[in-house]
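This report describes helix packing, strand pairing and nonpolar cores in the structure shown below.

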Amino acid sequence: MNNFDLYQLANLIVNKDIYANAMSDSEFDLQLKAKNILLFTSKLPSEKSINSQMVGTGVTRASQHDLAPFLIDTSYSISGTGFVDTTSLYEPGLYYLENYWTATSKTSEVISLQEVAARKASYIKPPTATDLVAYIVEGGFKILSVTSGTVNVLGYRLPEIPVFAVTTNETTLVMTYNSGASVELEWNDGCKLDILHLILQDMGVTIERQEVTQLANKLIQTGK
């Protein structure tokens, strides 16, 4: 299911609602961009940025499956200050840190900035090379107890920004999809329909999520 399929489905649903107006291609493009990010952040434990305290995204298998296209599973170098630059391999880089470890570690934590001083001075749970403690900084995170080597990281990047591009025949005014200039959503089809449902809600269309799926299946099967 591509962006144009979603656009056709959106206008099919809107035309069934006498109180709603059809959406232009430029409006749909903006809505795709906005709801793409909204869905992504809604699947994280916090709808804030990477600077929020990490609590893990593995609440359900379903959320892990949905976020799988954005998973980063790689290793980074640790600088002499313990800083891990997570922008070096991906653009725009790591957005949400899920887990990290080194060859010598057994546990790892991500703490808030308010906890840093206390953990540095702690006799009970001090940061060590075995029990890692880190906090989020701009461009990555900083490990308190390790200043060299490499660290393995699991986390999520932001989805690519979708683009909805069309061309219109000047004579017939028929709209066709410009797939070459478009950028498709990276989500699975179920999540794409979640995005469409969010768009329809924003337009004031009253429809259940299950109805969106039913209409999508009809559109795929019959082309109408």
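Two strands count as paired if DSSP finds at least two bridges between them. The model is predicted, and what follows should be read with that in mind.

## Strand pairing

Strand β3, residues 94-101, pairs with β7 in the antiparallel sense over six bridges, and within this pairing Tyr 96 stands opposite Tyr 156 of β7. Strand β7, residues 150-157, also pairs with strand β1, residues 71-77, in the antiparallel sense, here over seven bridges; Thr 74 has Val 153 in β7 as its bridge partner.

## Packing of α1 and α6

Two packed helices are described by the angle between their axes and the distance between the axes. For helix α1 (residues 3-14) and helix α6 (residues 209-222), the angle is about 115° and the axes are 10 Å apart, with α1 passing α6 in a right-handed crossing. On the α1 side the contact is made by Asp 5, Gln 8, Leu 9 and Ile 13, and on the α6 side by Val 212, Leu 215, Ala 216 and Leu 219. These residues divide into six nonpolar, one polar and one charged.

## Nonpolar cores

The largest nonpolar core has 35 residues, and those with the most contacts inside it are Leu 9, Phe 28 and Trp 187. At least two residues of this core come from each of α1, α2 (25-42), β3, α5 (189-202) and α6, while the largest share, seven residues, is supplied by α1.

Neighbours within four places in sequence aside, Leu 9 is in contact with Leu 193, Leu 196, Val 212, Leu 215, Ala 216 and Leu 219. A second, separate core of 16 residues includes Tyr 76, Leu 97, Val 110 and Val 151.

Notes:
Residues numbered from 1 in each chain as written. Predicted model: local features only at pLDDT ≥ 70, side-chain atom pairs only at ≥ 80, totals over all residues. Heavy atoms only, no water. Axes fitted to C-alpha atoms, helices over the stretch in contact; angles between N-to-C directions. Helix = DSSP H or I, 4+ residues; strand = E, 2+ residues; numbered from the N terminus. Left-handed = near helix turned anticlockwise from the far one by under 90°. Contact = heavy atoms within 4.5 Å. Nonpolar A, V, L, I, M, F, W, Y, C, P; charged D, E, K, R; others polar. Core = buried A, V, L, I, M, F, W, Y, C linked by side-chain atoms within 4.5 Å. Buried < 20%, exposed > 50% of the residue type's maximum accessible area, 1.4 Å probe, protein only.
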